[in-house]
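User: I would like to go through this structure with you. Could we begin with the terms and then move on to the fold?

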Amino acid sequence: MTNSEISLKRPLTPIHKWLIGLLLLFSFVGFLDATYLTVQHFLGSSINCSIFEGCNEVITSRYASIAGIPVALLGALYYCTLFISLIAYCDTRNERILYFIAHFVFIGFFASIWFLFLQLFIIKAICFYCVISAVTSTMLFVFGILLSKFKKKENK
Amino acid sequence: MLWLSASLLLGGVVFGLIKFSNNESNQTALLINTISSSDSDWVKGAKDAQVVLVEYSDFQCPACAFYFSLLKQLDQEFSNKIQFIYRHFPLKQIHVNAESAAWAAEAAGRQGKFWEMHDMIFENQATWSSQKNTEDIFLSYAQSLGLNSNQFKIDFDSNEVKEKVTNDYAGGIESEVNATPTFFLNGQKIKNPSNYDEFRNIIKEAIDSNS
(Lines give C-alpha, C1' and ligand atoms only; values in the text may rest on other atoms or scores of the structure.)
Protein backbone atom coordinates (compact mmCIF):
# COMPACT_ATOMS: atom_id res chain seq x y z
CA MET A 1 0.00 0.00 0.00
CA THR A 2 1.38 3.42 -0.99
CA ASN A 3 1.29 6.68 0.97
CA SER A 4 -1.06 8.26 -1.57
CA GLU A 5 -3.57 5.43 -0.94
CA ILE A 6 -3.39 5.91 2.82
CA SER A 7 -4.06 9.61 2.47
CA LEU A 8 -7.35 8.85 0.68
CA LYS A 9 -8.77 7.13 3.77
CA ARG A 10 -10.64 9.32 6.19
CA PRO A 11 -9.33 8.80 9.73
CA LEU A 12 -11.71 7.13 12.16
CA THR A 13 -13.00 9.18 15.07
CA PRO A 14 -12.57 7.68 18.57
CA ILE A 15 -16.26 6.78 18.75
CA HIS A 16 -16.02 4.92 15.44
CA LYS A 17 -12.96 3.08 16.63
CA TRP A 18 -14.82 2.01 19.77
CA LEU A 19 -17.89 0.89 17.86
CA ILE A 20 -15.85 -1.07 15.33
CA GLY A 21 -13.85 -2.61 18.17
CA LEU A 22 -17.07 -3.70 19.92
CA LEU A 23 -18.53 -5.03 16.67
CA LEU A 24 -15.36 -7.03 16.03
CA LEU A 25 -15.42 -8.37 19.60
CA PHE A 26 -19.07 -9.46 19.52
CA SER A 27 -18.84 -10.96 16.04
CA PHE A 28 -15.78 -12.92 17.22
CA VAL A 29 -17.58 -14.16 20.37
CA GLY A 30 -20.59 -15.11 18.25
CA PHE A 31 -18.34 -16.95 15.80
CA LEU A 32 -16.64 -18.82 18.65
CA ASP A 33 -19.99 -19.83 20.14
CA ALA A 34 -21.60 -20.92 16.85
CA THR A 35 -18.45 -22.74 15.70
CA TYR A 36 -18.34 -24.71 18.96
CA LEU A 37 -21.92 -25.89 18.37
CA THR A 38 -21.19 -26.67 14.71
CA VAL A 39 -18.09 -28.71 15.58
CA GLN A 40 -20.01 -30.63 18.27
CA HIS A 41 -22.81 -31.26 15.78
CA PHE A 42 -20.50 -32.76 13.16
CA LEU A 43 -18.46 -34.75 15.68
CA GLY A 44 -21.68 -36.15 17.20
CA SER A 45 -20.64 -35.20 20.74
CA SER A 46 -22.98 -34.09 23.49
CA ILE A 47 -22.81 -30.43 24.46
CA ASN A 48 -21.12 -29.43 27.69
CA CYS A 49 -24.04 -27.60 29.24
CA SER A 50 -23.53 -26.65 32.87
CA ILE A 51 -25.60 -23.46 33.35
CA PHE A 52 -28.92 -24.36 31.74
CA GLU A 53 -29.89 -28.00 31.37
CA GLY A 54 -31.75 -27.63 28.07
CA CYS A 55 -28.88 -27.51 25.54
CA ASN A 56 -29.34 -31.00 24.17
CA GLU A 57 -33.13 -30.64 23.92
CA VAL A 58 -32.73 -27.45 21.89
CA ILE A 59 -29.77 -28.56 19.78
CA THR A 60 -31.34 -31.89 18.85
CA SER A 61 -34.83 -30.47 18.27
CA ARG A 62 -36.24 -30.34 14.75
CA TYR A 63 -35.77 -26.56 14.76
CA ALA A 64 -31.98 -26.95 15.01
CA SER A 65 -31.65 -27.52 11.24
CA ILE A 66 -33.03 -25.72 8.21
CA ALA A 67 -33.24 -27.95 5.11
CA GLY A 68 -30.66 -30.25 6.67
CA ILE A 69 -28.21 -27.44 7.41
CA PRO A 70 -27.52 -26.98 11.13
CA VAL A 71 -28.58 -23.56 12.39
CA ALA A 72 -25.24 -23.39 14.25
CA LEU A 73 -23.39 -23.55 10.93
CA LEU A 74 -25.55 -20.75 9.51
CA GLY A 75 -24.78 -18.76 12.67
CA ALA A 76 -21.04 -19.37 12.28
CA LEU A 77 -21.22 -18.18 8.64
CA TYR A 78 -23.22 -15.11 9.69
CA TYR A 79 -20.69 -14.07 12.34
CA CYS A 80 -17.77 -14.90 10.05
CA THR A 81 -19.24 -12.72 7.25
CA LEU A 82 -19.74 -9.88 9.70
CA PHE A 83 -16.20 -10.21 11.09
CA ILE A 84 -14.66 -10.26 7.59
CA SER A 85 -16.81 -7.29 6.51
CA LEU A 86 -15.59 -5.30 9.51
CA ILE A 87 -11.99 -6.15 8.67
CA ALA A 88 -12.66 -5.14 5.05
CA TYR A 89 -14.12 -1.82 6.25
CA CYS A 90 -11.10 -1.17 8.47
CA ASP A 91 -8.86 -1.90 5.52
CA THR A 92 -10.68 0.03 2.78
CA ARG A 93 -13.04 2.47 4.63
CA ASN A 94 -15.48 1.75 1.85
CA GLU A 95 -18.84 3.22 2.91
CA ARG A 96 -20.72 0.51 1.02
CA ILE A 97 -19.38 -2.10 3.42
CA LEU A 98 -20.69 -0.07 6.33
CA TYR A 99 -24.08 0.13 4.61
CA PHE A 100 -24.00 -3.64 4.18
CA ILE A 101 -23.10 -4.22 7.88
CA ALA A 102 -25.86 -1.88 9.06
CA HIS A 103 -28.41 -3.96 7.13
CA PHE A 104 -26.85 -7.37 7.72
CA VAL A 105 -27.14 -7.09 11.52
CA PHE A 106 -30.94 -7.10 11.16
CA ILE A 107 -30.81 -10.73 9.98
CA GLY A 108 -28.99 -11.92 13.10
CA PHE A 109 -31.18 -9.85 15.41
CA PHE A 110 -34.49 -11.10 14.04
CA ALA A 111 -33.20 -14.67 13.78
CA SER A 112 -32.25 -14.49 17.46
CA ILE A 113 -35.70 -13.23 18.45
CA TRP A 114 -37.23 -16.13 16.52
CA PHE A 115 -34.95 -18.74 18.13
CA LEU A 116 -35.53 -17.29 21.59
CA PHE A 117 -39.28 -17.53 20.99
CA LEU A 118 -38.89 -21.17 19.86
CA GLN A 119 -36.87 -22.03 22.97
CA LEU A 120 -39.22 -20.34 25.43
CA PHE A 121 -42.61 -21.27 23.99
CA ILE A 122 -42.23 -24.23 21.63
CA ILE A 123 -39.28 -26.36 22.77
CA LYS A 124 -39.64 -25.12 26.38
CA ALA A 125 -35.93 -25.49 27.09
CA ILE A 126 -33.18 -22.90 27.09
CA CYS A 127 -29.79 -23.50 25.53
CA PHE A 128 -26.94 -21.55 27.14
CA TYR A 129 -25.01 -21.24 23.87
CA CYS A 130 -28.10 -19.94 22.05
CA VAL A 131 -28.55 -17.29 24.75
CA ILE A 132 -24.94 -16.18 24.19
CA SER A 133 -25.71 -15.94 20.48
CA ALA A 134 -28.87 -13.92 21.18
CA VAL A 135 -26.85 -11.48 23.30
CA THR A 136 -24.06 -11.11 20.72
CA SER A 137 -26.47 -10.60 17.82
CA THR A 138 -28.43 -8.00 19.83
CA MET A 139 -25.21 -6.16 20.64
CA LEU A 140 -24.16 -6.33 17.00
CA PHE A 141 -27.55 -4.96 15.98
CA VAL A 142 -27.31 -2.03 18.42
CA PHE A 143 -23.69 -1.16 17.62
CA GLY A 144 -24.20 -1.70 13.88
CA ILE A 145 -27.11 0.77 13.87
CA LEU A 146 -25.15 3.26 16.00
CA LEU A 147 -22.15 3.06 13.69
CA SER A 148 -24.19 3.80 10.57
CA LYS A 149 -26.07 6.63 12.36
CA PHE A 150 -22.82 8.31 13.44
CA LYS A 151 -21.39 7.87 9.98
CA LYS A 152 -24.48 9.46 8.39
CA LYS A 153 -24.23 12.42 10.78
CA GLU A 154 -20.57 12.83 9.96
CA ASN A 155 -21.25 12.77 6.22
CA LYS A 156 -23.94 15.50 6.44
CA MET B 1 -1.12 -7.82 7.85
CA LEU B 2 -4.66 -7.07 9.00
CA TRP B 3 -6.08 -9.76 6.75
CA LEU B 4 -3.45 -12.26 7.78
CA SER B 5 -4.19 -11.72 11.49
CA ALA B 6 -7.95 -12.02 10.92
CA SER B 7 -7.55 -15.22 8.88
CA LEU B 8 -5.23 -16.73 11.48
CA LEU B 9 -7.65 -15.83 14.26
CA LEU B 10 -10.70 -17.37 12.57
CA GLY B 11 -8.78 -20.42 11.36
CA GLY B 12 -7.27 -20.86 14.82
CA VAL B 13 -10.73 -20.84 16.40
CA VAL B 14 -12.01 -23.60 14.10
CA PHE B 15 -8.87 -25.72 14.46
CA GLY B 16 -8.73 -25.18 18.25
CA LEU B 17 -12.37 -26.11 18.77
CA ILE B 18 -12.05 -29.30 16.72
CA LYS B 19 -8.97 -30.28 18.73
CA PHE B 20 -10.62 -29.35 22.04
CA SER B 21 -13.75 -31.37 21.23
CA ASN B 22 -11.69 -34.45 20.32
CA ASN B 23 -9.62 -34.16 23.52
CA GLU B 24 -12.74 -33.73 25.62
CA SER B 25 -14.23 -37.02 24.47
CA ASN B 26 -10.90 -38.84 24.88
CA GLN B 27 -10.46 -37.52 28.40
CA THR B 28 -13.37 -39.57 29.76
CA ALA B 29 -11.59 -42.71 28.60
CA LEU B 30 -8.39 -41.71 30.31
CA LEU B 31 -10.14 -41.41 33.66
CA ILE B 32 -10.93 -45.09 33.88
CA ASN B 33 -9.23 -48.46 34.50
CA THR B 34 -9.72 -51.71 32.63
CA ILE B 35 -11.12 -54.73 34.49
CA SER B 36 -13.28 -57.75 33.48
CA SER B 37 -16.61 -57.61 31.60
CA SER B 38 -20.19 -57.93 32.89
CA ASP B 39 -22.61 -60.79 32.26
CA SER B 40 -25.98 -59.91 33.86
CA ASP B 41 -27.78 -57.26 31.85
CA TRP B 42 -31.03 -55.36 32.36
CA VAL B 43 -33.12 -56.11 29.32
CA LYS B 44 -36.49 -54.88 28.08
CA GLY B 45 -38.44 -55.18 24.85
CA ALA B 46 -38.74 -58.33 22.75
CA LYS B 47 -36.73 -61.23 24.21
CA ASP B 48 -36.17 -62.94 20.83
CA ALA B 49 -35.62 -59.72 18.86
CA GLN B 50 -33.12 -59.70 15.98
CA VAL B 51 -32.16 -56.14 16.81
CA VAL B 52 -30.38 -55.41 20.09
CA LEU B 53 -29.61 -51.90 21.26
CA VAL B 54 -27.09 -51.66 24.09
CA GLU B 55 -26.71 -48.36 25.90
CA TYR B 56 -23.77 -47.41 28.13
CA SER B 57 -25.13 -44.63 30.26
CA ASP B 58 -24.55 -42.41 33.26
CA PHE B 59 -27.60 -41.40 35.31
CA GLN B 60 -26.15 -37.96 36.04
CA CYS B 61 -25.23 -37.07 32.47
CA PRO B 62 -27.67 -34.52 30.97
CA ALA B 63 -27.26 -35.96 27.47
CA CYS B 64 -28.21 -39.41 28.82
CA ALA B 65 -31.39 -37.91 30.31
CA PHE B 66 -32.16 -36.47 26.90
CA TYR B 67 -31.62 -39.82 25.17
CA PHE B 68 -33.74 -41.46 27.87
CA SER B 69 -36.75 -39.58 26.45
CA LEU B 70 -35.87 -40.74 22.89
CA LEU B 71 -35.46 -44.35 24.04
CA LYS B 72 -38.86 -44.19 25.72
CA GLN B 73 -40.42 -43.22 22.41
CA LEU B 74 -38.46 -45.97 20.60
CA ASP B 75 -39.63 -48.47 23.19
CA GLN B 76 -43.25 -47.49 22.60
CA GLU B 77 -42.86 -47.76 18.84
CA PHE B 78 -40.65 -50.85 18.52
CA SER B 79 -41.07 -52.74 21.81
CA ASN B 80 -42.01 -55.98 20.02
CA LYS B 81 -39.14 -55.78 17.52
CA ILE B 82 -36.15 -54.64 19.52
CA GLN B 83 -34.32 -55.51 22.70
CA PHE B 84 -32.94 -52.74 24.89
CA ILE B 85 -30.02 -53.34 27.22
CA TYR B 86 -28.90 -50.83 29.82
CA ARG B 87 -25.33 -50.89 31.12
CA HIS B 88 -23.84 -48.58 33.71
CA PHE B 89 -21.01 -46.27 32.79
CA PRO B 90 -20.91 -43.76 35.67
CA LEU B 91 -18.30 -41.06 35.10
CA LYS B 92 -17.83 -40.51 38.82
CA GLN B 93 -14.87 -38.17 38.35
CA ILE B 94 -17.15 -35.58 36.80
CA HIS B 95 -20.56 -36.75 38.10
CA VAL B 96 -20.26 -37.31 41.84
CA ASN B 97 -23.71 -38.89 42.25
CA ALA B 98 -23.69 -41.05 39.12
CA GLU B 99 -22.36 -44.13 40.88
CA SER B 100 -24.81 -44.01 43.79
CA ALA B 101 -27.64 -43.57 41.27
CA ALA B 102 -26.43 -46.72 39.50
CA TRP B 103 -26.36 -48.58 42.85
CA ALA B 104 -29.93 -47.39 43.56
CA ALA B 105 -31.14 -48.73 40.20
CA GLU B 106 -29.36 -52.03 40.83
CA ALA B 107 -30.80 -52.25 44.37
CA ALA B 108 -34.30 -51.66 42.95
CA GLY B 109 -33.54 -54.30 40.33
CA ARG B 110 -32.93 -56.83 43.12
CA GLN B 111 -36.60 -56.34 43.99
CA GLY B 112 -37.72 -56.51 40.35
CA LYS B 113 -38.06 -52.78 39.68
CA PHE B 114 -34.87 -51.82 37.85
CA TRP B 115 -36.61 -50.08 34.92
CA GLU B 116 -39.07 -48.25 37.19
CA MET B 117 -36.18 -46.88 39.25
CA HIS B 118 -34.18 -46.17 36.07
CA ASP B 119 -37.07 -44.03 34.77
CA MET B 120 -37.54 -42.27 38.09
CA ILE B 121 -33.83 -41.44 38.41
CA PHE B 122 -33.69 -39.94 34.93
CA GLU B 123 -36.99 -38.08 35.30
CA ASN B 124 -35.75 -36.46 38.51
CA GLN B 125 -32.14 -35.93 37.45
CA ALA B 126 -32.28 -32.18 38.12
CA THR B 127 -33.48 -32.83 41.70
CA TRP B 128 -30.78 -35.19 42.93
CA SER B 129 -27.78 -34.31 40.73
CA SER B 130 -26.59 -31.41 42.88
CA GLN B 131 -27.51 -32.94 46.27
CA LYS B 132 -24.93 -34.17 48.77
CA ASN B 133 -26.87 -36.99 50.42
CA THR B 134 -28.49 -38.84 47.55
CA GLU B 135 -29.03 -42.09 49.44
CA ASP B 136 -32.08 -40.67 51.24
CA ILE B 137 -33.49 -39.32 47.97
CA PHE B 138 -33.10 -42.69 46.25
CA LEU B 139 -34.60 -44.38 49.32
CA SER B 140 -37.65 -42.13 48.99
CA TYR B 141 -37.92 -43.18 45.31
CA ALA B 142 -37.72 -46.82 46.40
CA GLN B 143 -40.50 -46.24 48.90
CA SER B 144 -42.68 -44.56 46.30
CA LEU B 145 -42.16 -47.60 44.06
CA GLY B 146 -43.38 -49.80 46.92
CA LEU B 147 -40.02 -51.48 47.54
CA ASN B 148 -38.94 -52.89 50.88
CA SER B 149 -36.87 -50.04 52.36
CA ASN B 150 -34.64 -52.19 54.56
CA GLN B 151 -33.83 -54.58 51.74
CA PHE B 152 -33.18 -51.64 49.42
CA LYS B 153 -30.67 -50.17 51.91
CA ILE B 154 -28.93 -53.54 52.33
CA ASP B 155 -28.68 -54.02 48.55
CA PHE B 156 -27.62 -50.42 47.96
CA ASP B 157 -24.64 -50.94 50.29
CA SER B 158 -23.87 -54.48 49.13
CA ASN B 159 -20.71 -55.52 47.34
CA GLU B 160 -22.73 -57.42 44.72
CA VAL B 161 -24.44 -54.24 43.57
CA LYS B 162 -21.18 -52.31 43.53
CA GLU B 163 -19.47 -55.11 41.62
CA LYS B 164 -22.25 -55.19 39.05
CA VAL B 165 -21.81 -51.48 38.35
CA THR B 166 -18.01 -51.83 38.24
CA ASN B 167 -18.28 -54.76 35.84
CA ASP B 168 -20.61 -52.89 33.50
CA TYR B 169 -18.15 -50.05 33.52
CA ALA B 170 -15.25 -52.36 32.78
CA GLY B 171 -17.22 -53.94 29.93
CA GLY B 172 -17.70 -50.45 28.52
CA ILE B 173 -13.97 -49.83 28.61
CA GLU B 174 -13.34 -53.09 26.78
CA SER B 175 -15.86 -52.01 24.16
CA GLU B 176 -14.00 -48.69 23.82
CA VAL B 177 -16.76 -46.58 25.32
CA ASN B 178 -15.31 -43.13 25.96
CA ALA B 179 -18.38 -40.92 26.41
CA THR B 180 -21.95 -41.23 27.59
CA PRO B 181 -24.35 -42.23 26.27
CA THR B 182 -22.78 -44.69 23.84
CA PHE B 183 -25.01 -46.99 21.82
CA PHE B 184 -24.23 -50.31 20.19
CA LEU B 185 -26.70 -51.59 17.64
CA ASN B 186 -26.24 -55.32 17.09
CA GLY B 187 -22.70 -55.01 18.39
CA GLN B 188 -21.79 -52.01 16.23
CA LYS B 189 -21.03 -48.70 17.92
CA ILE B 190 -23.26 -46.04 16.36
CA LYS B 191 -22.83 -42.27 16.16
CA ASN B 192 -25.35 -40.68 18.54
CA PRO B 193 -28.35 -39.64 16.46
CA SER B 194 -29.15 -35.96 16.80
CA ASN B 195 -32.92 -36.31 17.06
CA TYR B 196 -35.74 -38.82 17.34
CA ASP B 197 -36.37 -39.17 13.62
CA GLU B 198 -32.72 -39.97 12.97
CA PHE B 199 -32.68 -42.55 15.78
CA ARG B 200 -35.95 -44.03 14.55
CA ASN B 201 -34.58 -44.39 11.00
CA ILE B 202 -31.44 -46.19 12.23
CA ILE B 203 -33.55 -48.65 14.24
CA LYS B 204 -36.04 -49.11 11.42
CA GLU B 205 -33.27 -49.85 8.94
CA ALA B 206 -31.79 -52.44 11.30
CA ILE B 207 -35.21 -54.08 11.80
CA ASP B 208 -35.89 -54.14 8.05
CA SER B 209 -32.51 -55.63 7.22
CA ASN B 210 -32.91 -58.35 9.86
CA SER B 211 -36.50 -59.35 9.01
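Analyst: Helices (H or I, at least four residues) and strands (E, at least two) are DSSP runs, numbered from the N terminus. Residues are numbered from 1 along each chain as its sequence is written, while chains are lettered from A and ligands numbered from 1 in the order in which they are written. This is a predicted model, in which local features need pLDDT of at least 70, side-chain atom pairs count only at pLDDT 80 or more, and totals for chains, interfaces and linings use all residues.

User: What pLDDT does chain A average?

Analyst: The average for chain A is 83, and 82% of its residues score at least 70; pLDDT is the predictor's confidence in each residue, from 0 to 100.

User: What does the secondary structure of chain A come to?

Analyst: Chain A has six helices and two strands, in the sequence pattern α-α-α-β-β-α-α-α. Of its 156 residues, 37% are buried. A residue is buried with 20 or more other C-beta atoms within 10 Å of its own, exposed with 12 or fewer, and partly exposed in between, with C-beta atoms placed from the backbone.

User: Which residues of chain A does the "transmembrane region" annotation cover?

Analyst: In the unreviewed UniProt entry, that annotation covers residues 20-43, 63-90, 97-117 and 123-147 of chain A. UniProt positions are given in the numbering used here, feature names are shortened, and annotations may be inferred rather than shown by experiment. In the model, residues 97-117 of chain A are 100% helix and 0% strand, with end C-alpha atoms 31 Å apart. Residues 63-90 of chain A are 71% helix and 14% strand, and their end C-alpha atoms lie 36 Å apart.

User: Turning to chain B, in what order do the strands of the sheet lie?

Analyst: The five strands form an open, mixed sheet in the order β1-β3-β2-β4-β5 (chain B). Its edge strands, each pairing on one side only, are β1 (42-45) and β5 (188-190) of chain B. Pairing means that DSSP finds at least two bridges between two strands. From one strand to the next, the twist averages 25°.

User: How many bridges join β2(B) to β3(B)?

Analyst: Seven, and the two strands run parallel. Within this pair, Val54(B) has Ile85(B) in β3(B) as its bridge partner. Five of the seven residues of β2(B) are buried, so the strand is largely enclosed by the rest of the structure.

User: And in which sense do β4 and β5 of chain B pair?

Analyst: Strand β4 (residues 182-185) of chain B pairs with β5(B) in the antiparallel sense, over three bridges. There, Phe184(B) stands opposite Lys189(B).

User: Which strands does helix α9 of chain B lie across?

Analyst: Helix α9 (residues 196-210) of chain B lies across β2 (51-57), β3 (82-88), β4 and β5 of chain B, and runs at about 145° to β2(B). Axes are lines fitted to C-alpha atoms, for helices over the stretch in contact, and angles run from 0 to 180 degrees between N-to-C directions.

User: Which peptide bond is cis?

Analyst: The bond from Thr180(B) to Pro181(B) is cis, with omega near -10°. Phi of Glu176(B) is near 65°, a positive value in a residue other than glycine. Most residues other than glycine have a negative phi, and most peptide bonds are trans.

User: Is Glu176(B) buried or exposed?

Analyst: Glu176(B) is exposed, because 9 other C-beta atoms lie within 10 Å.

User: Finally, how many residues has the largest nonpolar core?

Analyst: The largest core has 45 residues, and those with the most contacts inside it are Ala104(B), Ala108(B) and Ile121(B). Helix α2 (residues 62-78) of chain B contributes the largest share of this core, nine residues. Apart from this core lies another, of 38 residues, including Ala64(A), Ile101(A), Cys130(A) and Leu10(B). A nonpolar core is a set of buried Ala, Val, Leu, Ile, Met, Phe, Trp, Tyr and Cys residues joined through C-beta atoms within 7 Å.

Terms used. Contact = placed C-beta atoms within 7 Å.
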